[in-house]
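Subject: Handover of a structure for your review

Dear colleague,

Please find below the structure that I am handing over to you.

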Amino acid sequence: MDNEKLERINFLARKSRTQGLTDDEKLEQTALRNEYREAFKRSLTSQLESTYIVEPDGTKHKVQRHD
């Protein structure tokens with residue numbers, strides 16, 4: 001997610017607290033927040049997929065995903 005979208009999320013959050021949002025702004029805020037959450041989840045998943053646990057005996061194994 002680019003900085004422009006993050007700034008817009010923050011702007012809408014500030015405006016929401018001070019003035020309130022129009023219906024269109026509320027929809028935009030929801031869409032941007034959902035996009036941010038999805039980007040965050042993709043980033044975290046990617047990081048965890050390249051993470052290994054090192055045991056005291058020195059052996060390594062990948063973190064397993066449990067659904």
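I begin with Tyr36, which lies in helix 2, a segment that covers residues 23–49. Please note that the model is a predicted one. Tyr36 counts as partly exposed because its relative accessible area is 39%, a value between the limits of 20% and 50%. Together with Met1, Phe40, Leu44 and Leu48, Tyr36 forms a nonpolar patch on the surface, and the accessible area of these residues together is about 460 Å².

Overall architecture

The protein contains 2 helices and 2 strands, arranged along the sequence in the pattern α-α-β-β. Its radius of gyration is 19 Å, whereas a compact globule of 67 residues would have a value near 11 Å. The box filled by the C-alpha atoms, taken along the principal axes, is roughly 60 × 20 × 20 Å. Buried residues account for 13% of the 67 residues. The protein exposes about 5,900 Å², of which carbon and sulfur atoms supply 50%. Of the contacts between residues at least 6 apart in sequence, 24% join residues at least 24 apart.

Helix 2 and its cover

Helix 2 has 27 residues and should span 39 Å at 1.5 Å a residue; the distance between its end C-alpha atoms is 39 Å, which agrees. Its buried residues are Glu25, Gln29, Leu32 and Ala39, and helix 1 (3–18) is included in what covers them.

Apart from its neighbours within four places in sequence, Gln29 is in contact with Leu12, Ala13, Ser16 and Leu21.

Salt bridges

Side chains of opposite charge can pair when their charged atoms come close. How many salt bridges does a search of the whole structure find? The search finds 4, and the following are among them.

- Glu35 and Lys5 meet through their side chains at 2.7 Å, N to O. This pair links distant parts of the chain, with Glu35 in helix 2 and Lys5 in helix 1, 30 residues apart. Glu35 is partly exposed at 32% relative accessibility, and Lys5 is partly exposed at 30%.
- Arg8 and Glu28 form a salt bridge at 2.9 Å, N to O. Arg8 is partly exposed, with a relative accessible area of 29%, and Glu28 is partly exposed at 30%.
- Lys15 pairs with Glu25, their closest N and O atoms being 2.7 Å apart. Lys15 in helix 1 and Glu25 in helix 2 are 10 residues apart.

With kind regards

How values were computed. Residues are numbered from 1 along each chain as its sequence is written. This is a predicted model: local features need pLDDT of at least 70, side-chain atom pairs count only at pLDDT 80 or more; totals for chains, interfaces and linings use all residues. Side-chain values use heavy atoms; hydrogens and water are left out. Patches are made of residues with over 30% relative accessible area and no salt bridge: like charges are joined within 9 Å, nonpolar side chains (Val, Leu, Ile, Met, Phe, Trp, Tyr) within 5 Å. Accessible areas come from the Shrake-Rupley method with a 1.4 Å probe; for residues, only the protein chains shown count as cover. Helices (H or I, at least four residues) and strands (E, at least two) are DSSP runs, numbered from the N terminus. Buried means under 20% relative accessible area, exposed over 50%, partly exposed in between (1.4 Å probe, protein chains only). The radius of gyration is taken over C-alpha atoms; the globule rule is 2.2 Å times the number of residues to the power 0.38. Contact means heavy atoms within 4.5 Å. The expected span of a helix is 1.5 Å times one less than its number of residues.
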